[in-house]
Amino acid sequence: MGELKKEFLQPSEEYTPIPFWFWNDDLKEGEIIRQINDFYSKGVNGFVIHPRIGIPKEIPYLSDRFMELVACAVEEADRLKMKVVLYDEAMYPSGSAHGKVVKSNPNYASKGLKMVEYPCRGKVEIELKEEEKKDLVVALAVKKQSSMEIEPQSTREISFINGKIIFTPPDSEQWSILLFLETFTGGHIRGIHFGEDDGEENPPPSSDLLNPEAMQAFIQFTHDRYFEVLGHYFGNTIIGMFTDEPSIMGRGRMKGLQPWTGEFLSFYQAQGNDIKDLPILWFEAGEETKIKRKKFKETINKRLEQTYYQPISDWCEKHKIALTGHPEGSDDIGVLKYFHIPAQDVVWRWVAPEEGKALEGQHSTMGKCSSDSARHRGKRRNGNECFACSGKNGIDWSFSMDDMKWYMDWLFVRGVNLLFPHAFFYSIRGERRYGERPPDVGPNNIWWSNYKKISDYMKRMSWLMTDSINQTSIAVLCEAQYLPWKTVKPLYQNQIEFNYLENEILQSSACKIEADSLIIEKQRYNVLIIEDMDMIDEENTDKLQQMIDNGINVVVYNPQNEKVNLIGYEKLSSINEIVPLLDKMIVREIQLGEPNEDLRISHVTKENQHFYLLVNEGEEQIQSTLRLAREGAIEIWDPWNGCIKEINSQIVGEKGTLMNLTLDRRESRIIRLLLDTSTPKQIVPVDIDSDRFTKEDQLNQHIDISTGWYMGKNMDHLEPIDQLISWTKQADTKEYTGSMFYKKEFSISDVKKQSKIQLDLGEVGEIAELFINDQNLGVKMWKPYLFDITDYIQEGKNTIVIEIKNSLANHFSKSNLDSGLMGPVQVKMFKEGGCL
């Protein structure tokens with residue numbers, strides 16, 4: 001345990017955040033080296049070199065000059081024993097090599113399938129143009145039920161004779177001829193020089209990701225070029241290659257297309273698809289619609305795996321680096337098997353504290369998308385490209401440390417153990433740079449001077465979630481491109497853990513049934529939840545039945561009471577019934593006396609020690625009694641402040657371990673349970689009796705000190721102010737962005753009679769650093785702005801100084817966000833209690 005504690009308190013550089021470093025200006029060696037050393041001084045021990053718009057045309061992508069600059073960065077990282085992840089594109093999505101692939105062969109441009117409809121009124125003859133003859137994949141006749149619906153069983157193929165398509169409808173119903181033509185999509189990527197962005201004149205063309213020859217060209221242009229120059233550093237300083245949301249048809253593509261590539265028809269048919277099913281990609285076809293479209297998507301995905309993900313993964317493995325990055329979809333879990341460090345990306349505030357976004361919708365699954373893929377495929381690390389464009393109300397620069405802490409905890413408690421912060425900006429010169437997918441979450445933001453504390457927090461949490469085993473007995477079945485969220489929402493809200501299990505893995509030999517458990521890697525499950533009945537098919541029915549026969553609970557959400565080809569499954573008629581149903585099957589590892597839907601938990605074992613990560617994902621303080629099903633003594637490991645405390649306020653006995661819990665807004669806490677070896681280590685249910693505990697420290701009195709303050713931009717020129725109000729409401733500071741100092745003297749008595757004394761700053765915009773009697777008490781970067789001043793306050797006269805930094809949104813976005821110390825400011829004194 002001594003070693004574990006040391007690893008927690010002094011986390012290894014291995015667990016560093018690895019930020020995207022936007023190379024977005026006229027790059028110079030001296031500035032590159034300066035910034036790397038700045039990163040290093042803040043505990044950032046790695047970076048992703050990300051070419052970004054703003055690089056001058058005099059530094060062409062992958063040119064000798066560009067590679068000199070990359071080599072400079074890698075050499076300095078090597079000197080400092082930092083790690084580098086290369087980025088495989090300029091700028092994104094990946095696969096184009098900044099247009100070099102298409103430039104080498106115009107036929108390598110991204111392709112799609114176009115459908116052209118010719119309504120029939122009697123016999124129809126269509127004479128094709130020469131270009132259409134070359135591009136024609138197939139001509140089909142369909143019987144229309146309405147403008148957007150067909151009768152699929154009537155679809156027939158039409159021959160192409162002497163350059164003509166000829167068709168006579170067999171009846172008087174409404175028919176159409178559909179021509180399916182291979183075409184270039186006209187798609188592009190975002191480039192790195194001005195004039196190459198979306199909507200501008202020269203964006204680089206996207207390439208055909210489904211064409212194996214095109215993708216070999218991509219690898220030769222990009223990966224081989226990096227290895228040619230930097231091969232000596234591969235597998236040591238250079239640890240990975242980041243690929244970023246490859247898009248088959250590119251950005252800004254022609255509308256109405258489906259993914260396609262040259263000579264794809266034979267592959268399409270070899271996967272069991274019927275050429276007559278192509279119209280269903282555009283038209284409704286009754287019950288077959290969903291099935292056929294899913295089959296087509298699976299076929300495209302399989303091709304993409306063969307032409308893109310597999311070759312790049314193999315190349316990285318051969319060259320002793322990890323493939324990392326993320327696919328295009330938030331729940332694209334299937335292709336993550338090719339990533340040595342699978343990842344996803346929380347961007348655009350798709351996930352957020354407000355509007356139910358933390359638990360609802362496709363994007364709410366992406367945290368566990370990467371972590372559960374890693375768990376079940378034996379990968380140590382999994383990551384997330386996080387924070388991009390995630391400011392509130394569409395104001396990207398309003399992204400705050402309050403937001404960052406929420407996002408970090410949202411990811412960590414779901415098992416993510418590597419953060420790729422998006423992004424550190426090389427330059428914020430001009431609106432095209434500071435306004436390009438902002439904000440800068442590193443050197444060019446107000447928390448940079450305190451970033452060492454942030455990076456240490458990331459390291460401690462990443463350490464906890466690495467080489468640890470998640471202790472849940474519940475799996476939720478998912479597909480390669482679909483992770484259900486409706487059935488798992490109440491699990492989150494009731495502190496019941498689960499892991500997503502891919503159908504592909506379930507059906508594989510790696511997933512074994514042993515007695516009443518399903519075993520995959522280091523996970524053991526006794527319950528499998530199936531939210532979508534379409535996941536039960538001919539391929540997995542036998543295994544599901546075998547699981548049921550062996551005593552594994554298979555829960556099927558079946559609100560319509562449809563026929564299920566399983567005997568002995570547990571039917572779930574309503575989402576509201578899932579928690580009571582699971583309580584009959586499992587014993588909860590954690591249970592609250594006072595239910596709270598905002599508490600998230602993750603129970604892991606690390607070197608046979610039990611750790612419970614608790615996160616407050618809501619906006620209010622959590623107060624409750626907590627029951628751990630296992631028996632033992634408790635330590636509190638504080639990942640933000642880097643300290644460990646033994647706790648005596650608990651009850652250990654036959655019914656587990658009970659204790660009081662107070663978890664502030666944006667607070668996370670790790671409980672380490674020291675198991676009582678003198679008693680059986682079995683989990684037992686227990687009713688929680690909160691009256692057995694003494695209450696938390698009770699507020700004895702408070703003193704309002706909201707008046708009598710002095711304020712100024714530096715400590716040498718402070719002026720008295722009438723009241724604490726936002727800078728934006730004062731004429732002389734209305735548009736001010738920066739630091740402001742506040743000072744006040746006050747007196748207090750009976751200090752030694754108090755068990756605890758707090759200073760509550762009330763409303764603050766946005767970061768507060770506190771000094772009492774010339775002693776620095778540190779910073780608070782989110783609400784509540786509470787400081788424990790017990791050891792710093794003195795009897796009689798005291799002096800408070802507070803430095804406040806406000807949001808850069810007021811500078812870059814002219815957002816007029818409340819800034820400064822707004823209060824009310826109170827000194828709170830407590831008498832002794834027994835809270836954790």
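The expected span of a helix is 1.5 Å times one less than its number of residues. In this predicted model, helix H13 (residues 451–464) has 14 residues and reaches 20 Å from its first C-alpha to its last, close to the 20 Å expected. The largest nonpolar core holds 173 residues, a six-stranded open sheet is present, and there are zero disulfides.

**Helix H13**
- Twelve of the 14 residues of H13 are buried, so the helix is largely enclosed by the rest of the structure.

**Nonpolar cores**
- Tyr226, Leu230 and Trp447 touch the most other members of the largest nonpolar core.
- Helix H3 (residues 64–79) gives the most to this core, with nine residues.
- Another core, of 31 residues, lies apart from the largest one and includes Tyr742, Ile748, Phe787 and Ile802.

**Open sheet**
- Six strands form the sheet in the order S38-S37-S39-S45-S42-S43, with antiparallel pairing.
- Strand S38 (719–720) and strand S43 (775–780) stand at the edges; each has a single partner strand, so one side of each is left without a neighbour in the sheet.
- Strand S42 (residues 767–772) and strand S45 (residues 796–805) run antiparallel and are joined by six bridges.
- Phe771 stands opposite Val801 in S45.

**Ser207**
- Ser207 lies in the loop between strand S11 (175–184) and helix H6 (212–221).
- With a relative accessibility of 1%, Ser207 counts as buried because the cut-off is under 20%.
- The side chain of Ser207 reaches the backbone oxygen of Gly95 at 2.3 Å.
- Not counting residues up to four places away in sequence, Ser207 touches Gly95, Ser96, Val101, Val102, Tyr108, Ala109, Ser110, Met215 and Ile248.

**Cysteines**
- The closest cysteine sulfur to that of Cys369 is in Cys478, 7.8 Å away, which is too far for a bond because a disulfide requires sulfur atoms within 2.5 Å.
- Cys369 is buried, at 0% relative accessibility.
- Cys120 is buried as well, with a relative accessible area of 4%.

Conventions: Residues are numbered from 1 along each chain as its sequence is written. This is a predicted model: local features need pLDDT of at least 70, side-chain atom pairs count only at pLDDT 80 or more; totals for chains, interfaces and linings use all residues. Side-chain values use heavy atoms; hydrogens and water are left out. Buried means under 20% relative accessible area, exposed over 50%, partly exposed in between (1.4 Å probe, protein chains only). Helices (H or I, at least four residues) and strands (E, at least two) are DSSP runs, numbered from the N terminus. A polar contact is a pair of N or O atoms within 3.5 Å; within protein, one must be able to donate a hydrogen and the other to accept it, and residues adjacent in sequence count only if both atoms are side-chain atoms. Contact means heavy atoms within 4.5 Å. A nonpolar core is a set of buried Ala, Val, Leu, Ile, Met, Phe, Trp, Tyr and Cys residues joined through side-chain atoms within 4.5 Å. Two strands pair if DSSP finds at least two bridges between them.
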